[in-house]
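Here is a set of questions and answers about how labels are given to parts of a structure. Each answer puts a value beside a definition and then concludes.

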Amino acid sequence: MFARPVSRLLAGLLAVIALSAQAGQPVGPPAYGLIVGYRAEVDTLQAATRDRGPWKANSAHVRDRWQEAVAQGRDRSQRVAKEAGVRVKEVGEAGSAALLRFEAPMRGQALADAMRRLRLHPDVAWVQPNVIERRAQALPTTPNDPLFAQQWHLQAPSFGYESGINLPSAWAITAGAASVIAVVDTGVRFDHPDLAGRLLVGYDFVSEIHIANDGSGRDPDPSDPGDWVTQADLSDPLFQECEVADSSWHGTFIAGQLAALTNNGLGVAGVNRTPATRVLPVRVAGKCGALVSDLLDGARWAAGLPVAGVPANPNPARVINLSFGGGAACSPDYQRMVDDVTNAGALLVVAAGNNAGPLTRPADCRGVMPVAAVAPNGAKAWYSSFGPQVALSAPGGSDVFGQTAMLLSTDNSGLQGPAPYDANGYYGRKQGTSFSAPLAAGVATLMLGINASLTPADLIDRMKRASRPHEVTPNAVCSVSNPATCTCTADTCGTGLLDAAASVQLASGPAAIIQRIGSVTPGATVALDGSASVALSGGIASYQWTQLSGPAVTIVNANQAVAGVTLPQVEARYEFQLQVTDNTTPTALTGADIVSVTAAYPPAAPSGGGGGGMGWAWGLALWAWVLALGWARRARS
């Protein structure tokens, strides 16, 4: 007799809970799909990426293994989506994670439900929405005459321009060497005269035609058609989170900062002026920004790593500039991409962000080089994000000091599509951390021109060591309560101000090179092999191994090139650092690198009952369903 009231009460309670959850949850941007990380024992893509050094990244064996892993991973994704009850249009990859593409963008409660169902699946470790990431916004600019003297940010420090990066003194040591630097961004204008002969073919990774703005999805043409957003665009649900804006020509500006032709009697100078240097344009962004999946794939490809459905990159970059990011903390999909790119031997230089607050992804990911922006006098620029993760600071411009205090580089005057060339319209001024990052990326290529053995960790370490102390300005010290124009400290803006000349001098020090390890079984004895470390001048005088993370272990022969550890019988992740010191006189130089080790047991053989592999959340959901079913039966009896 109580069946109907009980069922109504239960339905009412569930409705209240659902409405409460929905009311407390922000709607958020639309997701074009879901990025899924599988548990280690079933993750074929991650297994195909692991245990590979930079010398193997583009080998035929690695590409073949990747394609096999892709096929297995896509089959698994189709099965997992079906079992979780999530409707998808197709499956693919986002970096080395899985990508489930929706038939139409999803947001709000529907998106939360889809993510929850996937998280309950026993094969799934984590789930992230595939949303659009925004460029580190270039703030309003005006065109200006193209004179090197107006590029104050490249000059030696002087009164009022204390943050200049001292590039002429670095050029006195080296102009760079043949190198490839990738710009993962909005694409480039190949018709810019100051970039003539400096651009490789590159690739366009923008997968959604509406965002691409060029009438096609992924293709071999990374030309920038413009990324303008009109008021009419905002009526499209895809662009409701966007802002009305003219085309930014963001990637073209950065390409000029890195490698604009120098001594050609035209326009501006790039940081790396050697004629053999090339910029690899990797287009990941269009209207409003970049999908996470496109950004992850583009960064991987830039480093020479395989991406399904895309030709192999014949020109892998040693340095990658990425001036895009989201508002969330570093997520597993981003960290995987950073780890993959770093293990392939490429330094990922990223903008700290323009939110005048804490760093977000990818700037807060482990292994990247986040660069904050300072004004001409060395104060933190009013817009720059800041925090303890920042590596160092470089000029980003600040309109607080006037238009000439912004940065000058290659540009286009077109408000929507590109405008025809004219002497004034092809150069412009911008400000933002988007444009402080390329200064550090360009200096990194100069360093590699002297010492090609430097690892990403070496480059970061030496640029930080070479940085000048932060300037004491009339402004208060940067803090949460004082986030605008403020005086930088090592805790807020990195070790100091980028100094190109000092960084180049330190490039000739030793390089710590560690043989990669990957995954082992708990209890294993592991060799820490740094015997490949090199010093270009003199020799290596000493080695020193230290443990950075994981359960404490004893390092045997910690002061030798090859050391060893015996891991405890627990599953855990460890990090070890090797610091090498050369015998340079009068001052010895050091270099450092880090290796990670994951200790994990192999997956247990499946049991006859089929339930041994289910996660606790899946089991909890199953028991809840059983109890609810029993309650309903009792109510009907």
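**Values and definitions**

Helix α7 is largely enclosed by the rest of the structure, because 10 of its 10 residues are buried. This is a predicted model, in which local features need pLDDT of at least 70 and side-chain atom pairs count only at pLDDT 80 or more, while totals for chains, interfaces and linings use all residues. Residues are numbered from 1 along each chain as its sequence is written, and side-chain values use heavy atoms, with hydrogens and water left out.

Q: Which residues of α7 are called buried, and what does the word require?
A: Buried means under 20% relative accessible area, exposed means over 50%, and partly exposed is in between (1.4 Å probe, protein chains only). In α7 the residues that count as buried are H250, G251, T252, F253, I254, A255, G256, Q257, L258 and A259. Helices (H or I, at least four residues) and strands (E, at least two) are DSSP runs, numbered from the N terminus.

Q: Why is the pair C242 and C288 called a disulfide?
A: A disulfide is a pair of cysteine sulfur atoms within 2.5 Å. The sulfur atoms of C242 and C288 are 1.9 Å apart, so the pair qualifies. The torsion about this S-S bond is -110°, and the link of C242 and C288 is left-handed.

Q: What makes the link of C242 and C288 a tie between separate parts of the chain?
A: C242 is in the loop between α6 (209-212) and α7 (250-259), whereas C288 is in the loop between β8 (278-283) and β9 (290-291), so the bond ties together parts that are 46 residues apart in sequence.

Q: How do you know whether C242 and C288 are buried or exposed?
A: C242 has a relative accessible area of 7%, so it is buried. C288 has 8%, so it is buried as well.

Q: Why does the pair C478 and C486 count as a disulfide, and what is its handedness?
A: The S to S distance is 2.0 Å, and a disulfide needs the sulfur atoms within 2.5 Å, so C478 and C486 are joined. The torsion about their S-S bond is about 95°, so this disulfide is right-handed. C478 is buried at 5% relative accessible area, and C486 is buried at 0%.

Q: What makes C488 and C493 a disulfide?
A: Their S to S distance is 2.3 Å, so C488 and C493 meet the cut-off. With -70° about the S-S bond, the link is left-handed. Both C488 and C493 are buried.

Q: How many disulfides does the rule give, and what pattern do they follow?
A: The count is four disulfides. With bonded cysteines counted along the chain, the pattern is 1-2, 3-4, 5-6, 7-8.

Q: Why is T492 called buried, and what does it touch?
A: T492 is in helix α12 (residues 490-493). Its relative accessibility is 9%, so T492 counts as buried. Contact means heavy atoms within 4.5 Å. Leaving aside residues up to four places away in sequence, T492 touches F386, G387, V390 and C478.

Q: Why is the pair E241 and R107 called a salt bridge?
A: A salt bridge is a side-chain nitrogen of Lys or Arg within 4 Å of a carboxyl oxygen of Asp or Glu. For E241 and R107 the N to O distance is 2.6 Å, so the pair qualifies. E241 is in the loop between α6 and α7 and R107 in the loop between β3 (97-106) and α4 (108-119), so the bridge ties together parts that are 134 residues apart in sequence. E241 is partly exposed at 39% relative accessible area, and R107 is partly exposed at 23%.

Q: Why do R116 and D113 count as a salt bridge?
A: Their closest N and O atoms are 3.9 Å apart, and the cut-off is 4 Å, so R116 and D113 qualify. These two residues are three apart in helix α4, so about one helical turn separates R116 and D113.
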